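Here's a quick briefing to keep beside the model while you click around. Start with the ground rules, then move on to the chains, their contact and a few single residues.

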Amino acid sequence: MRRRFPGGFESSLVLPCLRRIQEDRGWVADADIDALAAWLGVPRVQIEEVLSFYTQFRRAPIGRIHLQACRNLSCCLRGAESVIDHLRERLGIEPGQTTRDGRWSLSTVECLGSCGTAPVVMVNETYHERMTPERLDGLLERLGR
Amino acid sequence: MTGTKLLMDFEVTPTSHTLAAYRARGGYATLEKVLRTLRPEEVTKEVAASGILGHGGAAFPAGRKWGVIRLNDEQPHYLCANADEGEPGTFKDRWILEHAPHLLIESMAIAAFALQVRHAFVYIRGEFDLPWRRIAGAVEEAYAAGWLGEGIAGTGFALDLVVYRGAGSYVCGEASGLLSSLEGRKGYPRNRPPRLTVRGLYQRPTVVNNVETLANIAGIVRDGAVAFRKVGTAKSPGTQLISISGHVERPGVYEVEYGYPFARFVREDCGGVLGGLGLKCVIPGGISTKVLTAADIEPLTLDHASVTSAGSGLGSGGMVVIAEGTCMVRLLQVLVRFYHHESCGQCTPCREGMGWMHRIVDRIVAGKGEPGDIDRLIAISNANDGTTICGMGDAAGYATVGIIAKYRDEFEHWIRHGRSLHDGRLEAIDHEWARAEALHG
């Protein structure tokens with residue numbers, strides 16, 4: 001990717017590098033920030049700002065299976081609130097929490113651009129669309145719950 | 001049928017997004033012809049003559065945006081496709097990224113030639129996984145086949161294209177916020193002037209166009225501006241991809257020729273309201289456009305002039321259908337929660353105002369609303385209008401004022417009685433259950 005950027009675009013590499021670090025480790029640690037700041041030659045504060053600004057970056061570990069349920073309008077009109085309640089109940093955690101065994105994390109998120117196939121639940125990177133409590137049960141079973 | 005198709009004019013199959021399939025449909029022939037026979041300014045002239053309006057929401061003429069770029073000014077120019085589709089209710093660009101990625105690449109290469117761009121970008125929202133895999137895969141195919149990189153189609157033209165992934169932020173869909181993000185920083189929108197076409201990415205002239213706008217370029221250049229203008233209306237030439245969702249029988253992405261009857265589109269092409277329920281209202285172009293009642297849409301056609309004449313806008317084409325019986329107070333609660341969550345915090349009226357609006361609607365829903373709350377929401381909306389760097393503060397206000405103007409009684413009822421005028425639901429009532437209930441009591 002770097003060779004396709006124009007020269008002098010090191011700063012632009014902050015987001016792709018953080019994404020890559022997170023793909024490997026699952027979250028971004030202090031040591032990663034120091035290493036990235038040195039490698040790209042950008043100020044540490046810029047990396048900290050980026051990490052706190054964007055919702056997808058994480059500074060702490062989360063569950064291996066991350067369920068993100070959309071709570072925006074189109075999903076709510078098609079039953080997202082029941083889907084989120086069902087997930088709460090089945091996992092025994094609130095949005096923003098991780099199960100004690102460190103396996104499951106639940107989040108609510110804003111529009112994922114999947115309104116035509118609402119409601120949508122994202123499992124790690126993959127969209128699962130047209131969710132209902134029944135279909136959720138099937139999905140959770142396949143994931144080992 | 002919803003009129004002429006310019007983008008969704010082929011059958012979607014498991015392989016229709018590949019380079020081979022695109023070539024078989026005549027793909028990249030226009031780029032080759034442009035590079036061999038046209039001068040950059042001729043391409044821009046054709047695009048300007050087509051009258052194509054931006055499809056991201058603001059409907060700014062693309063030709064005028066391009067016209068600001070001065071060729072041969074001895075500095076780099078950049079081009080960026082805005083694929084940060086995040087306006088709730090909008091999922092049309094996703095269709096192009098997933099099904100016609102090469103159409104976007106060919107169109108971007110033509111645009112890059114016209115604007116003397118050496119480096120172009122597709123800024124795609126971080127949550128999009130399949131769309132990212134499709135466009136990134138298509139870029140690799142295009143490089144391998146010589147449609148990107150050095151010496152494209154055996155000419156001296158060179159173009160590098162980077163697919164850049166966002167990381168979860170609504171304001172990055174705003175063009176200047178997008179460029180801040182593309183520079184590897186938080187996605188703060190910037191004050192204009194200077195326009196981005198004067199000082200954009202790394203302070204260089206930059207054109208940011210919506211994915212759908214760019215996807216139209218290859219067709220416009222291939223068939224000519226005159227042919228393009230034969231489709232649609234005089235003021236809104238061409239077509240619009242409308243993504244429709246909510247309480248509608250057949251949600252999805254539809255290509256609609258501008259000027260097509262609004263109510264017929266909802267009722268016939270999309271199958272009407274879910275389960276045969278009555279239509280309460282429609283949000284026509286993303287949640288930031290003002291809500292239109294069932295009666296409002298009857299005389300309208302799907303083009304910018306018509307929808308604007310009703311006090312709303314066609315915006316990004318993200319249409320949300322809302323059935324009778326839906327609680328508009330709860331609906332506004334979802335919207336202001338979203339705006340509060342997504343305010344980037346740079347401008348005080350938006351940062352504070354979104355929080356105030358969110359808390360006021362929350363307390364109404366909690367049964368603790370105060371008589372002055374409705375006017376307070378309107379006052380905050382008005383105070384935001386035009387006082388923030390980007391349009392998000394304005395947009396939240398439009399949505400709020402629009403809902404209150406048409407459904408004030410629902411707010412008054414909840415404040416007075418501590419409960420919804422309806423049953424507080426957003427999910428459509430299960431019609432079969434409701435019918436059985438009516439039959440058997």
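A residue is called buried when its relative accessible area is under 20%, exposed when it is over 50%, and partly exposed in between (1.4 Å probe, protein chains only). By that rule B:L302 is buried, because its relative accessible area is 1%.

Keep in mind that this is a predicted model, so local features need pLDDT of at least 70 and side-chain atom pairs count only at pLDDT 80 or more, while totals for chains, interfaces and linings use all residues. Residues are numbered from 1 along each chain as its sequence is written, chains are lettered from A and ligands numbered from 1 in the order in which they are written, and side-chain values use heavy atoms, with hydrogens and water left out.

**Chain B as a whole**

- Chain B has 19 helices and eleven strands, where helices (H or I, at least four residues) and strands (E, at least two) are DSSP runs numbered from the N terminus.
- Its radius of gyration is 23 Å, close to the 22 Å that the globule rule gives for 441 residues, so chain B is as compact as a globular protein of that length. The radius is taken over C-alpha atoms, and the globule rule is 2.2 Å times the number of residues to the power 0.38.
- Along the principal axes, the C-alpha atoms of chain B fill a box of roughly 75 × 50 × 35 Å.
- Of the 441 residues in chain B, 62% count as buried.
- Contact here means heavy atoms within 4.5 Å. Among contacts in chain B with a separation of 6 or more, 71% come from residues 24 or more positions apart.

**Around B:L302**

- You'll find B:L302 in strand β10 (residues 301–302) of chain B.
- What does B:L302 touch, leaving aside neighbours within four places in sequence? The list is B:I242, B:V256, B:E257, B:Y258, B:G259, B:Y260, B:P261, B:F262, B:F265, B:L314 and B:M319.
- B:H102 sits 200 residues away along the chain from B:L302, and their C-alpha atoms are separated by 28 Å.

- The size of an interface is often given as the accessible area lost when the parts come together. Here buried area is the accessible area (1.4 Å probe) that two parts lose on being put together, summed over both.
- Chain B and chain A bury about 4,200 Å² between them, with 56% of it on carbon and sulfur atoms. On the chain B side, B:E127, B:A167 and B:K186 lose the most area to chain A, together 14% of what that side buries.
- The contact takes in 66 residues of chain B and 42 residues of chain A.
- A salt bridge means a side-chain nitrogen of Lys or Arg within 4 Å of a carboxyl oxygen of Asp or Glu, and the rule finds five of them across this interface. One to look up pairs A:E125 with B:R165, whose closest N and O atoms are 3.8 Å apart.
- On the side of chain B that touches chain A, α15(B) gives the most, with eight residues.

- B:Q333 is found in helix α15 of chain B and is buried, with a relative accessible area of 15%.
- The side chain of B:Q333 makes a polar contact with the side chain of B:R330 (2.9 Å).
- Not counting residues up to four places away in sequence, B:Q333 touches B:V361, B:D362 and B:V365.

- A cis peptide bond joins B:R192 and B:P193, with omega about -10°. The bond from B:P193 to B:P194 is cis too, with omega near 5°.
- B:P193 lies in the loop between α8 and β4 (206–210) of chain B.
- A:R130 isn't a glycine, yet has a positive phi of about 50°. A:R130 is exposed, at 52% relative accessible area.
- B:A153 has a positive phi near 55° and isn't a glycine either. B:A153 counts as buried, at 15% relative accessibility, and lies in the loop between α7 and β3 of chain B.

How values were computed: Polar contact = N/O pair within 3.5 Å; in protein donor to acceptor, adjacent residues only side chain to side chain.
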